[in-house]
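Subject: A structure for you to look through

Hi there,

Here is the structure I promised to pass on.

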Amino acid sequence: MSAVRFEGVAKRYGPVSALAGVTLDIVAGSFVALVGGSGSGKTTLLKTINRLIAPDAGAVFVDGRNVADADPVQLRRGIGYAFQGVGLFPHLTIAANIATVPRLLGWDAARIAARVAELLDLVDLPRSVAERLPAALSGGQRQRAGFARALAAGAKLLLLDEPFGALDPLTRDALATRTRALHDSLGLTSMMVTHDVQEALLLADRIVVLRDGQVVADATPAELVAGHPDAQVAAMIAVPRAQAERIAAMAS
Amino acid sequence: MSAFAPALALLPARLAAHVGLSAAALGLALLIAVPLIALMLARAGSRGPVLGIASLIQTIPALALLALFYPLLVMLRTASGVDLPVLGFLPALLALTLYALLPILRGGVTGLTGVDAEALEAADALGMTRTQRLWRVELPLAAPVMMAGVRTAAVWTIGAATLATPVGATSLGDFIFSGLQTEDWAAVAVGCLAAAALAIAVDALLALVEHGLARLSRVRIVAGLAGLALIGVAALAGAATPTGTARPIVVGAKNFSEQFILAELIATRLRAAGYPVELRSGLGSAVAFRALASGDIDVYVDYSGTLATTVLKRSDNPALPALTHDLETRTGVGVVGPLGFENAYVLAMRGDPARKDGIATIADLARVAPRLTLGADLEFQTRSEWRELQAAYGLRFAAARAYEPTFMYRALGSGAADVISAFSSDGRIAAQGLVVLADPKHAIPAYDALLLVSPRRRPDAAFVAALKPLVRSLSVERMRAANLMVDRDADKQSPRAAAASLAKAG
């Protein structure tokens, strides 16, 4: 059974069509990158999964269940979500931020404390940051804390919206590698929105390219690199590849 | 410190009333503000109108807003038939509540709409319900701005509550209004300092609550609220003066020294006759009569000319029996009798310039008035007597300024005013060597001081009998001497002491 299934999902904002009938199956355990330019509909598509956005037509299924029939609050507590802005609560310590969903679920204090410590280790944050406020952390540390918060209640589905967008290249690479490692070790299903094709190629098992609210490519990274009939998609893949070859040439 | 002793003795009761009034107004404002803020957040289109109306209310001077509630409540009482108290606590509460609304509303809307959009997205995405998001994210993040609004409202309300005195609500303003009239600066200082200290203490405690909310620290929230509660309890303890079961007789007084003295004199007589008595001092001139007619006060002294022109709107100068009959039939107010002296509006000048220009009458004054400045009390220029004077003598001044009576005499002394609207029973006329200008055309009516009782007390023979000894007991010389005791700069006495000297000599 697919972890997430989109059936003819459409969404309009006034005259603009953000999603024009998207149908996709996301296999459990896969790491899928949603790629496209601004306005392509990739973020809108991601947000229909946890009902931050309701589609005008079509349906979204998580673990075989139509999300429109689910209580949005219960649905979201079972889905991890991290985004570029992170959105850590500035008035709460890192530990309290990470413990948000376990607290909403009514876990006892000892279980929450143990889970927070475990998560800090998991995302490579020193335990000493637990009692600090978000403002005292670096951008990379804040994003790690955001990941920890998204995973705190043991969600198996992780939604990532440009999660590394605001980070410097070194931090970005380290965190991306860590994210992929977590995906594998925890057995997650991950869906990541990004406009960075190189990042998508290096992290994902499968890349879905969107343009004007429609799927224009859906393939593995290797297949895409080998070539694609859509000229724009092919051009998009060619850029990082050409860059990589030029850099490799310098080293030789 | 002896100068402060009389004021300090009155402090607990007035501070208690002040705290009670301010807290009630602030609490009511918060109750009204919460649904309005919710409305403004739910419908952005309502923000303009709601904040606009609140801002408009804020532009009305606090004193005027307080004064407006008296006639509004009188109208409401007439229209509804419900026996609303139109004087004292209720009008003050309503006016201060409206005054406190704007900063609370503005702080609430600004605070809640300014919450970080990413924190809100995270709250939704993590699966918080609308209520959880409000309590765990929005309110803590909005707390500093919201509480800044509440703190501003608290400080304003505590300050503006001192202006509740003229509508008859007891507050720390009683020290300020009566102190200003009688130049009892110790009393003014006690009133100001107590109000300021209260405002600072409340502001600091609210700041503690604010920090507690922002950091979700129960300790700080509880400590701040406990401090506020302590002020409330201390105030209640201060108010817990023994009160009889019978409703006390309320003696009214307008806002000048003679009225304070007469109110004390009346109060002394009534106490001697066994009545519990309460004073409501510093009432506006028109407010005082309407308060008597509606039974909010039971007895006070007013002047025949004022009653004929302002209350009965008569342009003639009726004799006492006609005036009494008119008052009783048209307003229900009873006239116990004249006190024996007259306190008319007169125009007065310093002696030297009057003699130099040969001014002895208002007709003489009219010739030179275009080069002179008139110093009038606060209501003189709006009164019919002033229009009568202008019509009869063609009076035109170069400029006219309004003063508190005390400062009006100062202005004349310093030359800031050349002519003032004095009162004939004022001791300062003789003390400052002023010349009272004759009124050959009798443009200003007689101003016999009359002892008035409310419609409810008029049939009460025992009550009226207790007041009767005051009728025709005061000559203008004795009243002037008593007024001077309070108004002079050296060896100043309290209105109560001046009243005691009148009672003794009588």
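A word on conventions: residues are numbered from 1 along each chain as its sequence is written, and chains are lettered from A and ligands numbered from 1 in the order in which they are written. This is a predicted model, in which local features need pLDDT of at least 70 and side-chain atom pairs count only at pLDDT 80 or more, while totals for chains, interfaces and linings use all residues.

**Confidence**

The predictor gives the complex an ipTM of 0.89 and a pTM of 0.67. For single residues there is pLDDT, the predictor's confidence in each residue, from 0 to 100. Chain B has a mean pLDDT of 87, with 97% of its residues at 70 or more. Its elements are helices (DSSP runs of H or I, at least four residues) and strands (DSSP runs of E, at least two), numbered from the N terminus. Over residues 241-245 of chain B, pLDDT stays under 50, and the model has 2 contacts for them beyond four places in sequence. Two residues are in contact if their C-beta atoms, placed from the backbone, lie within 7 Å.

**Chain A**

Chain A has 10 helices and 10 strands. Of its 252 residues, 43% count as buried. Here, buried means that 20 or more other C-beta atoms lie within 10 Å of the residue's own, exposed means 12 or fewer, and partly exposed is in between, with C-beta atoms placed from the backbone. Among the contacts in chain A with a separation of 6 or more, 69% are between residues 24 or more positions apart.

Next, look for an open sheet of 4 strands in chain A, ordered E2-E1-E4-E5 with antiparallel pairing. Strand E2 (16-27) and strand E5 (65-66) are its edge strands, each pairing on one side only. Two strands pair if DSSP finds at least two bridges between them. Strand E1 (residues 2-13) and strand E4 (residues 57-62) of chain A are joined by 5 bridges, and Ala10(A) has Ala57(A) as its bridge partner in E4(A).

Which residues of H5(A) are buried? They are Val116(A), Leu119(A) and Leu120(A). Seen down the axis, the buried residues of H5(A) fall within an arc of 100 degrees, so they line one face of the helix. That arc is the one of the directions from the helix axis to the C-beta atoms. On the other side of H5(A), Ala110(A), Arg111(A), Ala114(A) and Asp121(A) are exposed. The cover over the buried residues of H5(A) includes helix H3 (94-98) and helix H6 (139-151) of chain A.

**Where the chains meet**

The contact takes 18 residues from chain B and 17 residues from chain A. On the side of chain B that touches chain A, helix H5 (117-125) and helix H6 (130-160) of chain B are the elements that give two or more residues. H5(B) gives the most, with 6 residues.

**Chain B**

Strand E3 (residues 299-303) of chain B is mostly covered, with 5 of its 5 residues buried. Val299(B), Val301(B) and Tyr303(B) point one way from E3(B), while Tyr300(B) and Asp302(B) point the other way. E3(B) runs antiparallel to strand E10 (residues 448-453) of chain B, and 5 bridges join the two. One of the pairs is Val299(B) with Val453(B).

In helix H16 (residues 384-393) of chain B, the buried residues are Glu385(B), Trp386(B), Leu389(B) and Tyr393(B). They cover an arc of only 100 degrees around the axis, which puts them on the same side of H16(B). The buried residues of H16(B) pack against H12, strand E5 (345-350) and helix H15 (362-368) of chain B. Just after H16(B), Gly394(B) takes a positive phi of about 60 degrees.

Enjoy exploring!

Best wishes
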